[in-house]
Amino acid sequence: MRKQEVVVKRSREEKLAVLRQRHHLPVLIVGGGINGISTFRELALQGIPVVLIEKDDWCQAASGALSRMIHGGLRYLETGEFDLVKESVQERDRLLKNAPHYVAPLRTTVPVDSWGGGLVNASKRFLRLGEKPTRRGALLLKTGLSLYDLYTRQHGSMPRHRLHNRAETRARWPSFADWVKYSATYYDAWIKAPERLGVELVLDAENSSANALALNYLSLEESNGERVTLRDRLTGESFTLEPHIVVNAAGAWIDRINHQLLPTEAPKLIGGTKGSHLIVDSPALLAELRDEMVYYENQDGRVCIMFPWYGKVLVGSTDIRVDNPDDIACTPEEQRYILDSLRFVFPHIDVRDDDVLYTFAGVRPLPTSDTAVSGRITRNHSLVYLPPDATRDFSVLNLVGGKWTTFRRFGEQAADRVLKLLGEQRQRSTEEMAIGGGRNFPCRERRASWIAELHEKYRVSETRIDRLIERYGTRAVPLLRLIAEQDEQPLQHHADYSDTELRWLIQQEQVVMLEDLLLRRTALGISGELTPPLMAEIAHLMAQEMNWSDAGRQQQLEVTLARLARLHGVSGLRLASPSPYYSTGELHVGQR
């Protein structure tokens, strides 16, 4: 077994300096979504020299646009994907154990309109004789949930489902529409900070090996069949590497990356679908949901969800075929569809367009398919290997499909394939390995006494400690140490955050752009808490840390405001004449 290395944390510039000197490389991973990050962690833990690059920020695209569910895939039973359900339940429960600071059980209710509806069409779909979506009755749902319970008992730890009659349903859900005759409850899980978990995986990987480098805002530009050219999107500087294996984990951009890597015609691997979600401010709906998710079928048979989210409600989603994954945003038509679906379940709760605080959308990197119904495309993952040939010296391993719940298993499978190609053996498993702030995270019964111990040691209020633990798990401890030394000051325009906390995030978590901090290292954006004064205050603080000029700071504000309006439906924050985000293909931010 390789000797455990002592790893010194490196800045972005220090990592770029290493890259300038590194010409030959065993593995280059392209794509910093959750599957690329997972593969990076798996290989780093085996001591393999590996570089992970991402053209934007970690988990910025589809991996940051998920429904925030960590689930076993109940509906995959209907299409006969039993192995996927088994794997999903196993990985869901591993995440509950390995990332307890971010992943928690979620009680889920399914409203039902009939007893025996949907049996014929469901049988056709199972036998691949039909694709038309249809509404499912209580009998069909109970059959699926019974199978789900079987997997849970074998591979998980969640309580069994329950089916409720009309009286029981009305007692708990008085505002359900009149068409609801029955309901069922079961348990899955949710993740409150997927982007943060992605960052923690990156940090864990780099901390495990001095041979592992991860760089965001670094793009793959071209290949001559022997070398690949990378470009720093902040400065325009180029780097060349000769990789032995390129792992293409670019998600919806896989085909585009392959066209850059392969001189000959590349196979089409991806047929992505767009999913959009809304964050709505509705006290009435929030009170109705309490701590539960409603998992429901819209009138067209499309599955949708709604559940509490940072004091608001998350509602989604759509499933629309797309060809171009760039600058994906929720359209007015999608917003109307989602709000109509909400009214279909809760007709007496009035949620309007003005109540929508934030929207987000991403492209699911599903395998190419000729099926007419997007929901029929498998959510399973696969590896597509392209060996070297006469025009290309390196192998390309493509990570196709997958979903958030199974990222660890997919990364493990991809890493094992890479290890085999390199003639190496696996040294460490991640099955029981805690992630980031989930390491040594106390159980619920131990939490209060742990907070009291931290209060005694660092003299920070227990309320503040509790909030930091909610955000960072056990990684809050070094932050508390810093706060005790520096005496933090609350932000003027958001007293729940402090200058010390945000500076710590910037220094420790590979923050490059203002947007990284507002939308992915914190929940300020998605929770609808951003205001122009708050953004200006944080931009000023970040400019101090990053040594930005006044012009660079202003550009960051303009870029972020423009993207919030264009991609997330956040109106009323615009500055005059915002700068285009990628006007020249380079960022050139924070001129020093």
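Let's start with the lining of the largest cavity. Arg-41, Glu-91, Arg-94, Leu-95, Asn-98, Thr-405, Phe-407, Arg-408, Thr-430, Met-433 and Ile-435 line it. Two elements give two or more residues each to that lining: helix H3 (82-98) and helix H11 (407-422). H3 gives the most, with 4 residues. By type, the lining holds 4 nonpolar, 3 polar and 4 charged residues. Here Ala, Val, Leu, Ile, Met, Phe, Trp, Tyr, Cys and Pro count as nonpolar, Asp, Glu, Lys and Arg as charged, and the others, Gly among them, as polar.

The volume of the largest cavity is about 70 Å³. How many cavities of 30 Å³ or more does a search of the whole structure find? It finds 1. A cavity is a set of points, on a 1 Å grid over the protein atoms alone, where a 1.4 Å probe fits but cannot get out; lining residues have an atom within 4 Å of a point. Grid points are joined across faces, edges and corners, and the volume is the space filled by probe spheres set on the points.

A word on provenance. This is a predicted model, where local features need pLDDT of at least 70, side-chain atom pairs count only at pLDDT 80 or more, and totals for chains, interfaces and linings use all residues. Residues are numbered from 1 along each chain as its sequence is written, and side-chain values use heavy atoms, with hydrogens and water left out.

Now the overall picture. The protein has 18 helices and 20 strands. These are DSSP runs numbered from the N terminus: helices are H or I with at least four residues, strands are E with at least two. Of the 592 residues, 59% are buried. Buried means under 20% relative accessible area, exposed over 50%, partly exposed in between, with a 1.4 Å probe and protein chains only. Take the contacts with a separation of 6 or more: 71% of them are between residues 24 or more positions apart. Contact means heavy atoms within 4.5 Å.

Next, Glu-200. It sits in helix H7 (residues 194-208). Is Glu-200 buried or exposed? Buried, at a relative accessible area of 1%. Its side chain makes a polar contact of 3.4 Å with the side chain of Tyr-102. For a polar contact, two N or O atoms lie within 3.5 Å; within protein, one must be able to donate a hydrogen and the other to accept it, and residues adjacent in sequence count only if both atoms are side-chain atoms. Beyond four places in sequence, Glu-200 also has contacts that include His-101, Ile-435, Tyr-472 and Arg-475. Ile-435 takes us back to the cavity, as one of its lining residues.

On to the aromatics. The whole structure has 12 aromatic pairs. Trp-173 and Phe-176 make a stacked one, 5.0 Å centre to centre with 10 degrees between the planes. Rings of Phe, Tyr and Trp (its six-membered ring) pair if their centres lie within 6.5 Å; planes under 30 degrees apart are stacked, over 60 edge-to-face, the rest tilted. Both Trp-173 and Phe-176 are buried.

There is also an aromatic cluster: Trp-190, Phe-307, Trp-309 and Tyr-310. Phe-307 lies in strand E13 (residues 303-309). It is buried, with a relative accessible area of 1%. Phe-307 and Met-69 are 238 residues apart in sequence, yet their C-alpha atoms are 10.0 Å apart. Met-69 is among the contacts of Phe-307, as are Trp-190 and Leu-314. Tyr-310 is in the loop between E13 and E14, and is partly exposed at 40% relative accessibility. Its phi is near 50 degrees, a positive value in a residue other than glycine.

The peptide bond from Gly-316 to Ser-317 is cis, with omega near 0 degrees. Ser-317 falls in the loop between strand E14 (312-316) and strand E15 (320-321). Gln-510 is not a glycine, but has a positive phi of about 55 degrees. It lies in the loop between H15 and helix H16 (514-521), and counts as buried at 16% relative accessibility.

Last, helix H14 (residues 476-486). Which of its residues are buried? Ala-476, Val-477, Leu-479, Leu-480, Leu-482 and Ile-483. Their cover includes helix H12 (444-458), helix H13 (462-472) and helix H15 (499-508). Just after H14, Asp-487 takes a positive phi of about 60 degrees.

How values were computed:
1 Å grid on protein atoms, 1.4 Å probe; cavity = no way out; pocket = protein on both sides within 12 Å on 5 of 7 lines; lining within 4 Å.
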